[in-house]
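Work through the exercises below with the sequence and the model at hand. Each task is followed by a solution in steps.

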Amino acid sequence: MRPFLKWAGGKRQLLPALRPCYPAAFDRYIEPFLGSGAVFFDLSSSHRLDGRRAVLADLNADLISCYQALRDDTDAVIYLLAALERKHRARGDACYYEVRDRFNEARAGGAGKAGGASRAGGASGAAMFIYLNRTGFNGLFRLNRAGTFNVPAGRYANPTICDAGQLRACAAALQQPGVTLTRRRFDGTLADAGAGDFVYCDPPYAPLSATSLFAHYTADGFTLEDHERLQASIIGAAGRGAVVVLSNSSAPEIESAYGSRAARKAGLRVRRVPARRAINSRASARGPVDELIITNAPVTALDVPLRMARARAPVAAARRAAQR
Ligand SMILES: C[S@@+](CC[C@H](N)C(=O)[O-])C[C@H]1O[C@@H](n2cnc3c(N)ncnc32)[C@H](O)[C@@H]1O
């Protein structure tokens, strides 16, 4: 089962390196940065979540609304998306920009219904969200300063827009008893993680350089302070007995934060894996780059090169050094 959304930083390609970190036994799965849910759908389709609870969360209100509508109103989402697909086949980009306007109007109307955030709710909001995702530039979700979705049309000759079989399979995974979907900041999702929990965290990438493209999935972005708070939450969860797996870029701040004495004391180790990054708009700049997998899990199969983090300095010191 593949995710039904494209997502900047989606982890399908990293699954072979992540799977050896999945614990054999756990009671509850927690994913605070859900995005397109590559790991959730992988766990679900390999029956690792059968009879277990799963807490799925993300700060993006439109994303969570879309999942909820697909779970609760599958037929209506598919029906509306198939209608958008027919219009797109007939009118292409003109259809895209019309739907984008309607989506933004619906988002403005939905403000305040999801903890204050704008979002386009219900089956119609979900159908528009999936349509824009499948036909917009690189499947990006980007808001301008005014909080308006402003991604231009993509250049696809014949995009897959409504794959009813895939949507039904994903809906069935979300409908499993024990699966919950919440719009929430990561700190809240991780607050009670502990013994018996398997936590997978895939936060927005820390930028590799001051000029690198940094994906903004929410109007607020994800700052280095957020990465510091996440490190503290991860160390806390590991200290309380959770099995934790985190993926991120190989930015020096991330290597040093998780190579720190506190992180190592919590049992966390840093592994470097080769990965291909697809969010750069210039195809020539999408070369292979390393990513980091940080985990306290006993890794079952070493199909990834092992390397300890180089630096041990705390995040703030590394950031000061990077700014010099
Ligand atoms: C790298 S993506 C996750 C990709 C996902 N693993 C996949 O396979 O598609 C990071 C996600 O974090 C979410 N996010 C950003 N800031 C957040 C925050 N403070 N709390 C929770 N989620 C946040 C974004 O909306 C985005 O979906």
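Helices (H or I, at least four residues) and strands (E, at least two) are DSSP runs, numbered from the N terminus. The model is predicted: local features need pLDDT of at least 70, side-chain atom pairs count only at pLDDT 80 or more, and totals for chains, interfaces and linings use all residues. Residue numbers start from 1 along each chain as its sequence is written.

**Exercise 1. The chain as a whole**

Task: State how many helices and strands the chain has, and what share of its residues is buried.

Solution. Step 1: the chain contains 11 helices and seven strands. Step 2: apply the burial cut-offs, by which a residue is buried if 20 or more other C-beta atoms lie within 10 Å of its own, exposed if 12 or fewer, and partly exposed in between, with C-beta atoms placed from the backbone. Of the 324 residues in the chain, 44% are buried. Step 3: turn to contacts, where two residues count if their C-beta atoms, placed from the backbone, lie within 7 Å. Among the contacts with a separation of 6 or more, 77% join residues 24 or more positions apart.

**Exercise 2. Strand β2 and its partners**

Task: Find which strands are joined to β2 by bridges, and decide whether β2 is enclosed or open.

Solution. Step 1: two strands pair if DSSP finds at least two bridges between them. Step 2: β1 (residues 28–31) runs parallel to β2, and four bridges join them. Within this pair, Y29 has A54 of β2 as its bridge partner. Step 3: β2 also runs parallel to β3, through five bridges. V55 stands opposite T180 of β3. Step 4: five of the six residues of β2 are buried, so the strand is largely enclosed by the rest of the structure.

**Exercise 3. Helix α3 and residue L181**

Task: Check the span of α3 against the expected value, then list what L181 touches.

Solution. Step 1: the expected span of a helix is 1.5 Å times one less than its number of residues. α3 (residues 61–72) has 12 residues and reaches 16 Å from its first C-alpha to its last, close to the 16 Å expected. Step 2: nine of the 12 residues of α3 are buried; among them are I64, S65 and Y67. The buried residues of α3 pack against β2 (53–58), α4 (74–109), α5 (122–135), α6 (164–174) and β3 (179–183). Step 3: L181 is in strand β3 and counts as buried, with 22 C-beta neighbours inside 10 Å. Leaving out residues up to four places away in sequence, L181 touches L56, I64, Y67, Q68 and L174. Step 4: L181 and S65 are 116 residues apart in sequence, and their C-alpha atoms are 9.0 Å apart in space.

**Exercise 4. The largest nonpolar core**

Task: Name the residues that touch the most other members of the largest nonpolar core, and say where this core lies.

Solution. Step 1: a nonpolar core is a set of buried Ala, Val, Leu, Ile, Met, Phe, Trp, Tyr and Cys residues joined through C-beta atoms within 7 Å. Step 2: the largest one has 86 residues, of which L81, A127 and V199 touch the most other members. Step 3: domain 1 (12–59 + 184–323) and domain 2 (65–163) both give residues to this core, so it lies between them; the domain bounds come from an automatic or database domain assignment. Step 4: apart from its neighbours within four places in sequence, A127 is in contact with V77, L80, L81 and L84.
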